[in-house]
Amino acid sequence: MKKIYFITATNTDVGKTYASKVLLNKFAKKGKKVGYVKPIETGVVDDPLDGTKLFNVVKKLNKKYKKLSINNIVPYQFELPAAPYVAKKNKKIKISKILDTIKYHFKYCDILIVEGAGGLMVPIKKSYFMIDLIYDISKKFDTKTILISSSKLGNINDTLLSIDMLKKYKIDYKWYINLYKDKKNFKKVSLPFYKKYFKKISYLK
């Protein structure tokens, strides 16, 4: 069965690309044909940094991806390092193109990792946000959303707000903490609350 894992996070620079790499390797080891798409990447000067990095990974795990180009992996590329709505300037982002790109990738894989940009409320259009894209994808494909939280100060607020939004949209999700910053402080200032508030805590490994 074809399945999508949509990787989002509580903010930018939290670990979406790292999480995508972890999942690609995990499913490949299980014998799955894996694929990767980053629908929108901003801050692109020559080549998409995140998209190219993961494209190189997936080509090693799934030889069929050697037939594709970076434009198949990152259909929308913008130079300005900003939210897609701002970075696109006068260009249009067509959601139908993103959905068609995802459908196209299923010719080459069974498990597709789709990496978002920024957090859930990053605007793609004036009244259309990253979470709306997740919702639209989940209506058409079997989708599990992976929410990545950081371990730095402020992560509790960002995590709870993000989880509330996912619940509001009735999106199927799993939550992971990426222990990469302020690890020692995390155990003192954030983990005590998480242990009381959540029944289970999962870490990105």
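## Nonpolar surface patch

In this predicted model, Leu80, Tyr85 and Val86 together make a nonpolar surface patch of about 240 Å². One of these residues, Tyr85, belongs to helix H4, which spans residues 84-87. Tyr85 has a relative accessible area of 35% and is therefore classed as partly exposed.

## Positive surface patch

Lys30 is placed in the loop that runs between helix H1 (16-29) and strand E2 (34-37). With a relative accessible area of 56%, Lys30 is exposed, because the exposed class begins over 50%.

## Salt bridges between separate parts of the chain

Side chains of opposite charge can pair when their charged atoms come close. In this model the count comes to six salt bridges. Among them is the bridge between the side chains of Lys2 and Asp110, with an N to O distance of 3.2 Å. Lys2 lies in the segment before E1, whereas Asp110 lies in the loop between helix H5 (95-105) and E5, so this pair ties together parts that are 108 residues apart in sequence. Both partners fall in the intermediate accessibility class: Lys2 is partly exposed at 37% relative accessible area, and Asp110 is partly exposed at 23%.

Another salt bridge joins the side chains of Asp172 and Lys144, at 3.3 Å from N to O. Asp172 is located in the loop between helix H7 (155-168) and E9, and Lys144 in strand E8 (residues 143-150), so the pair ties together parts that are 28 residues apart in sequence. Asp172 has a relative accessible area of 42% and is partly exposed. Lys144 also counts as partly exposed, at 22% relative accessibility.

Glu115 is part of strand E5, which comprises residues 111-119. Its side chain forms a salt bridge with the side chain of Lys38 (3.2 Å, N to O). The bridge links distant parts of the chain, with Glu115 in strand E5 and Lys38 in the loop between E2 and strand E3 (40-42), 77 residues apart.

Both members of this pair are buried: Glu115 has a relative accessibility of 1%, and Lys38 has a relative accessible area of 4%. These assignments follow because buried means under 20% relative accessible area. The side chain of Glu115 also makes a polar contact with the side chain of Tyr36, at 2.5 Å. Glu115 thus takes part in a salt bridge with Lys38 and in a polar contact with Tyr36, while counting as buried.

## Positive phi values in two loops

Asp13 has a phi near 55°, a positive value in a residue other than glycine. This residue is placed in the loop between strand E1 (3-9) and H1.

Asp182 likewise has a positive phi, near 50°, and is a residue other than glycine. Asp182 is found in the loop between strand E9 (173-178) and helix H8 (183-189). With a relative accessible area of 41%, Asp182 is partly exposed.

Notes. Residues numbered from 1 in each chain as written. Predicted model: local features only at pLDDT ≥ 70, side-chain atom pairs only at ≥ 80, totals over all residues. Heavy atoms only, no water. Helix = DSSP H or I, 4+ residues; strand = E, 2+ residues; numbered from the N terminus. Buried < 20%, exposed > 50% of the residue type's maximum accessible area, 1.4 Å probe, protein only. Polar contact = N/O pair within 3.5 Å; in protein donor to acceptor, adjacent residues only side chain to side chain. Patch = residues over 30% accessible without salt bridge, like charges linked within 9 Å, V, L, I, M, F, W, Y side chains within 5 Å. Areas by Shrake-Rupley, 256 points an atom, 1.4 Å probe, with all protein chains shown as cover. Salt bridge = Lys/Arg side-chain N within 4 Å of Asp/Glu carboxyl O.
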